[in-house]
Amino acid sequence: MNHVARVDLSAWGEQPPLWVSLLAREVEQSNRTRAGERVGVSRTAVTLLLQNRYPSPSTERMERRVMDVLGRIECVALGEVITADQCQ
């Protein structure tokens with residue numbers, strides 16, 4: 001039986017940002033190391049981001065990286081893969 005360990009996002013409050021939820025789902029489906037490799041950041045960065053303890057005044061760059069890799073969806077209307085921001 002394959003048990004998926006849930007990532008604790010309580011440090012982000014009741015409604016974590018979409019990019020944090022996407023990163024957590026990627027970790028749950030693989031692990032922190034693989035999620036970091038996919039997004040292009042270290043395992044440590046993944047851990048700190050999920051715990052809302054990333055040591056930077058802004059997580060904007062990390063948000064952009066996560067959304068560029070994990071925030072893409074296949075748009076049936078356009079027939080191509082687009083970002084969540086482009087989907088309307």
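Mentor: Let's begin with charges: Lys and Arg count as positive, while Asp and Glu count as negative. Keep in mind that this is a predicted model.

Trainee: Okay, how do you know how far apart the mean positions of the positive and negative charges are?

Mentor: Each charge is placed on one atom, such as NZ of Lys or CG of Asp. The protein has 11 positive and 11 negative charges, and their mean positions come out 7 Å apart.

Trainee: What makes up the pattern along the sequence?

Mentor: There are four helices and two strands, and they follow the order α-α-α-α-β-β.

Trainee: Why are residues such as A45 and L49 in helix 3 called buried?

Mentor: Buried means under 20% relative accessible area, so each residue with that label falls below the cut-off. In helix 3, residues 43-50, the label goes to A45, V46, T47, L49 and L50. Across the protein, buried residues make up 33% of the 88 residues.

Trainee: And what do the buried residues of helix 3 pack against?

Mentor: Their partners are helix 1 (18-29), helix 2 (32-39) and helix 4 (60-70). Take L50: leaving aside neighbours within four places in sequence, its contacts include V7, L9, W12, L23 and R32. Those count as contacts because heavy atoms lie within 4.5 Å.

Trainee: What makes a group of residues a nonpolar core?

Mentor: The members must be buried residues of kinds such as Ala, Val, Leu or Trp, joined through side-chain atoms within 4.5 Å. The largest one here has 20 residues, and L9, W19, L23, L50 and V66 have the most contacts inside it. Helix 1, helix 2, helix 3 and helix 4 each give two or more residues to this core, with the largest share, six residues, coming from helix 1.

Trainee: How do you know that strand 1 and strand 2 pair?

Mentor: Pairing takes at least two bridges. Strand 1 (72-75) and strand 2 (80-83) are joined by four bridges, so they pass that test. They run antiparallel, and one of the bridges links C75 to E80 in strand 2.

Trainee: What lies between the two strands of the hairpin?

Mentor: Four residues do, and G79 in that turn has a positive phi of about 70°.

Trainee: Last one: how do you know what part of the accessible surface belongs to carbon and sulfur atoms?

Mentor: The accessible surface is computed at about 6,300 Å², and carbon and sulfur atoms account for 46% of that.

How values were computed. Residues are numbered from 1 along each chain as its sequence is written. This is a predicted model: local features need pLDDT of at least 70, side-chain atom pairs count only at pLDDT 80 or more; totals for chains, interfaces and linings use all residues. Side-chain values use heavy atoms; hydrogens and water are left out. Buried means under 20% relative accessible area, exposed over 50%, partly exposed in between (1.4 Å probe, protein chains only). Accessible areas come from the Shrake-Rupley method with a 1.4 Å probe; for residues, only the protein chains shown count as cover.
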